[in-house]
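The following note sets out a few points for a colleague who is meeting this structure for the first time. Please read it alongside the sequence and the model.

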Amino acid sequence: VAISDMEQWRSLKQSGIPALLAVPALLWFALCLTTMQALCLVLLAFGMTKEYTEATRFLISVLHRPFLYLMQYSNSRIYVYSAKGDVKAEVLNTIGYDQSVIFSNHRGDLDWLIGLMVEDNGGGLGCCKAIVKRELIFLPLFGFSWWAADFICINRNWQTDRRRLDAGFKRQHDYSRWAIPYTLTIFPEGTRLTKD
């Protein structure tokens, strides 16, 4: 019995080899975008803050695209619910076009990716911001881009984090004044939701 091309592809896809082959390309892609992000700091140095913000929005959107592809590649499905039932389509469609905040539980390793997919659904992947633990800023390639894109980095110590949070929230007002969409994602439990 001959195996169809589609069955061969499914078998190869399930092996994970195509995803592994994409890793070097992803790293090169991230290196190029991080370099462009660093070059955009020149705009900031010349006081062109709005232009810097718009360029950063575009670059962060492009940087996150491969992750969305991997979610689609895995054939994952996402269902969004709220305490009052299904989330209305008009609410989801405003994310990325307006100022918004997403509060989410942090139960797994891919929660942040699901948040990106929700933001992309509204067309606003570049508007994603988050309050993240400071260690993530040191993640090679991606950390610098997140810092440059106004992610708020905290140490989980109110004495030191208050100033960072205040500055991050003031920056959000700049986005509003320039009519640039801004979506802040917050995982209130921190790193993981525990039974304690």
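Are Tyr175 and Tyr182 buried or exposed?

1. The model is a predicted one. In it, Tyr175 is buried, and Tyr182 is buried as well.

2. The structure contains 5 aromatic pairs. In one of them, the ring centres of Phe67 and Phe142 are 5.5 Å apart and the planes meet at 55°, so this pair is classed as tilted. Phe67 belongs to helix 3 (residues 49–73) and Phe142 to helix 6 (residues 142–148); the pair therefore ties together parts that are 75 residues apart in sequence.

3. Both members of that pair fall under the 20% limit for buried residues. The relative accessible area of Phe67 is 16%, and that of Phe142 is 9%. A further pair is formed by Tyr175 and Tyr182, whose ring centres lie 4.8 Å apart with planes at 65°, so its geometry is edge-to-face.

4. Phe67 and Phe142 also belong to one aromatic cluster, together with Trp146 and Phe151.

5. The largest pocket holds about 780 Å³ of space. Its lining comprises 30 residues, of which His106, Trp112, Val132, Leu136 and Phe187 are the closest to the centre.

6. Several elements each supply at least two residues of this lining: helix 3, helix 5 (111–121), strand 4 (128–133), helix 6 and strand 6 (182–186). Strand 4 gives the most, with 6 residues. By class, the lining of the largest pocket has 16 nonpolar residues, 7 polar residues and 7 charged residues.

How values were computed: Residues numbered from 1 in each chain as written. Predicted model: local features only at pLDDT ≥ 70, side-chain atom pairs only at ≥ 80, totals over all residues. Heavy atoms only, no water. Phe/Tyr/Trp six-rings, centres within 6.5 Å; stacked < 30°, edge-to-face > 60°. Helix = DSSP H or I, 4+ residues; strand = E, 2+ residues; numbered from the N terminus. Buried < 20%, exposed > 50% of the residue type's maximum accessible area, 1.4 Å probe, protein only. 1 Å grid on protein atoms, 1.4 Å probe; cavity = no way out; pocket = protein on both sides within 12 Å on 5 of 7 lines; lining within 4 Å. Points joined across faces, edges and corners; volume = space filled by probe spheres on them. Nonpolar A, V, L, I, M, F, W, Y, C, P; charged D, E, K, R; others polar.
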